[in-house]
Amino acid sequence: NGISKKRLFISEKKIYEKNYLIFSGNYFFQPNKIAINNILKILPKIHKLDPNIKILITGTNLPNKLINHPHIIFKPKLKKELLNLYLKKSICSVMPLINSPGTKLKVIENLLIGVVTIGTKHAFKGIELVKKNPPFIYKTDQDLIKLLNMVLKNKNKFKKIAKQNSQFYIKKYLMENIYNNFIKNEF
């Protein structure tokens, strides 16, 4: 799997949302629904770290009770460049994904853009990871809270590492590089 560089452009539009974790995915897809519900389940623990943190959710079909939730920012049907901007400006992307088919393209996009990403092992299935964190893999909700606390205390450090690591992921998962390597090795 790979991502075309056309999908990595970042909007230069000004956004006003700050201090948020982001989850991208349509609520109607059962694994995303479970992931969003898991984030909301641990939201009180997240608020012990910082009571002002919000959860920015993209995609579609979020129920009204969640759209109107005071700690959720819902941004449905964002253009790709704007979604990439929200990802880049987030504290981090949280991916509490369960086992589901296939490699997660949205996770690869995060890594290519240089977004600090925290997820379960299922979020990173099929993706070769750099040894230097981020990204971070967690097993339990308690692990997730510890990682979030570490990221909150060292935001700039981890954003810089994620940006540096993005070069590894671009080399490995940018579709144009995959294609060029395939052609080079075929002939």
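Guide: One term comes first: a residue is buried under 20% relative accessible area, exposed over 50%, and partly exposed in between, with a 1.4 Å probe and protein chains only. This is a predicted model, in which local features need pLDDT of at least 70 and side-chain atom pairs count only at pLDDT 80 or more, while totals for chains, interfaces and linings use all residues. Residues are numbered from 1 along each chain as its sequence is written, and side-chain values use heavy atoms, with hydrogens and water left out.

Visitor: Are Phe-136 and Phe-158 buried or exposed?

Guide: The limit given above for a buried residue is under 20% relative accessible area. By that limit, Phe-136 and Phe-158 are both buried.

Visitor: How many aromatic pairs does the structure hold, and of what kind is that of Phe-136 and Phe-158?

Guide: Rings of Phe, Tyr and Trp (its six-membered ring) pair if their centres lie within 6.5 Å; planes under 30 degrees apart count as stacked, over 60 as edge-to-face and the rest as tilted. The structure holds three aromatic pairs. In that of Phe-136 and Phe-158 the ring centres are 5.2 Å apart and the planes stand at 85°, so the pair is edge-to-face.

Visitor: Which parts does the pair of Phe-136 and Phe-158 tie together?

Guide: Helices (H or I, at least four residues) and strands (E, at least two) are DSSP runs, numbered from the N terminus. Because Phe-136 lies in strand 6 and Phe-158 in helix 6, the pair joins parts 22 residues apart in sequence: strand 6 and helix 6.

Visitor: What is the angle between the planes of Phe-168 and Tyr-169?

Guide: Phe-168 is partly exposed at 28% relative accessible area, whereas Tyr-169 is buried at 1%. Their rings form an edge-to-face pair, 5.1 Å centre to centre, with an angle between the planes of 80°.

Visitor: How far is Leu-148 from Leu-21 in space, C-alpha to C-alpha?

Guide: Leu-148 lies in helix 5 and is buried, with a relative accessible area of 2%. Leaving aside neighbours within four places in sequence, Leu-148 has contacts (heavy atoms within 4.5 Å) that include Leu-21, Ile-46 and Val-94. Leu-148 and Leu-21 are 127 residues apart in sequence, and their C-alpha distance is 9.6 Å.

Visitor: Which element gives the most to the lining of the largest cavity?

Guide: On a 1 Å grid over the protein atoms alone, a cavity is a set of points where a 1.4 Å probe fits but cannot get out, and a pocket is an open set with protein on both sides within 12 Å along at least five of seven lines; lining residues have an atom within 4 Å of a point. Grid points are joined across faces, edges and corners, and a volume is the space filled by probe spheres set on the points. The count is one cavity of 30 Å³ or more, and the largest has a volume of about 50 Å³. Among its lining residues are Pro-134, Pro-135 and Tyr-169, and the most, four residues, come from helix 6.

Visitor: Which element gives the most to the lining of the largest pocket?

Guide: The largest pocket holds about 420 Å³ of space. Its lining has 26 residues, of which Ser-24, Gly-25, Asn-26, Leu-83 and Lys-106 lie nearest the centre. The most, four residues, come from helix 4.

Visitor: Where is Pro-134 placed?

Guide: The peptide bond from Asn-133 to Pro-134 is cis, with omega near 10°. The bond from Pro-134 to Pro-135 is also cis, with omega near 10°. Pro-134 is placed in the loop between strand 5 and strand 6.
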